[in-house]
Amino acid sequence: MKMRAAVVASAALLTLAGTTSAQAAPLGVDITPGRGPHACPDERLCLYEHGAFNEGQLGLVLRTDQDISFLGHYGFNDKTSAVINNTDHTVRLYYDRDFGREYLVLAPGQARDLVDTNWNDDVSSVELL
Ligand SMILES: [Ca+2]
């Protein structure tokens with residue numbers, strides 16, 4: 001009986017958390033048109049389709065709080081031209097899917113325009129350490 005009561009109590013707590021704190025709910029991955037650094041919310045890693053964080057040309061922003069083993073699943077393979085890491089994690093951007101080949105490291109809070117680097121339109125997977 002005691003155990004059952006505990007399960008019910010924790011289920012109620014989860015429901016409460018879900019209704020009162022929409023921002024804390026796991027986002028997973030989403031893709032939205034966006035322009036500029038403000039298009040990247042807190043706690044997200046954001047991949048921008050165009051350089052200068054889409055400031056010069058409106059484009060898509062992929063926003064995630066989890067690893068992505070292949071950006072092609074989201075139509076975003078070899079598209080990233082700028083990145084913002086608004087998570088608390090060190091992030092790795094990989095050339096190949098499944099976290100393969102070389103990676104570029106971004107510290108928490110770091111942003112980078114990739115246009116003039118050899119990473120432009122070449123990222124295929126991302127990992128949050
Ligand atoms: Ca691009």
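Q: Which residue is the bridge partner of Y48 in strand 4?
A: In this predicted model, Y48 has A82 as its bridge partner in strand 4.

Q: How many bridges join strand 2 to strand 4, and in which sense do they run?
A: Four bridges join them, and the two strands run antiparallel. Strand 4 covers residues 82-85.

Q: What about strand 2 and strand 3, how many bridges there?
A: Four bridges again, in the antiparallel sense. Strand 3 is residues 59-64. One of the facing residues is T64 in strand 3, the bridge partner of L45.

Q: Core next. Which residues in the largest nonpolar core touch the most other members?
A: The core has 22 residues, and those with the most contacts to other members are C46, L47, Y48, V61, V83, L93 and V126.

Q: And which elements give two or more residues to this core?
A: Strand 2, strand 3, strand 4 and strand 5 do. Strand 2 supplies the largest share, with four residues.

Q: Changing topic: what is the strand order in the open sheet of three strands?
A: The order is 6-5-8, with antiparallel pairing.

Q: Why is one side of strand 6 and of strand 8 left without a neighbour in the sheet?
A: Because strand 6 (100-106) and strand 8 (125-128) stand at the edges, and each has a single partner strand.

Q: What does the twist average from one strand to the next?
A: It averages 25 degrees.

Q: How many bridges join strand 5 to strand 8?
A: Four, with the strands running antiparallel. Strand 5 is residues 91-96. Within this pair, R92 stands opposite E127 in strand 8.

Q: Zooming out, how many helices and strands are in the protein?
A: One helix and eight strands.

Q: What percentage of the residues count as buried?
A: 29% of the 129 residues.

Q: Last one, on contacts between residues at least 6 apart in sequence: what share join residues at least 24 apart?
A: In the protein, 65% of those contacts do.

Definitions and conventions. Residues are numbered from 1 along each chain as its sequence is written. This is a predicted model: local features need pLDDT of at least 70, side-chain atom pairs count only at pLDDT 80 or more; totals for chains, interfaces and linings use all residues. Two strands pair if DSSP finds at least two bridges between them. Axes are lines fitted to C-alpha atoms, for helices over the stretch in contact, and angles run from 0 to 180 degrees between N-to-C directions. A residue is buried if 20 or more other C-beta atoms lie within 10 Å of its own, exposed if 12 or fewer, and partly exposed in between; C-beta atoms are placed from the backbone. Two residues are in contact if their C-beta atoms, placed from the backbone, lie within 7 Å. A nonpolar core is a set of buried Ala, Val, Leu, Ile, Met, Phe, Trp, Tyr and Cys residues joined through C-beta atoms within 7 Å.
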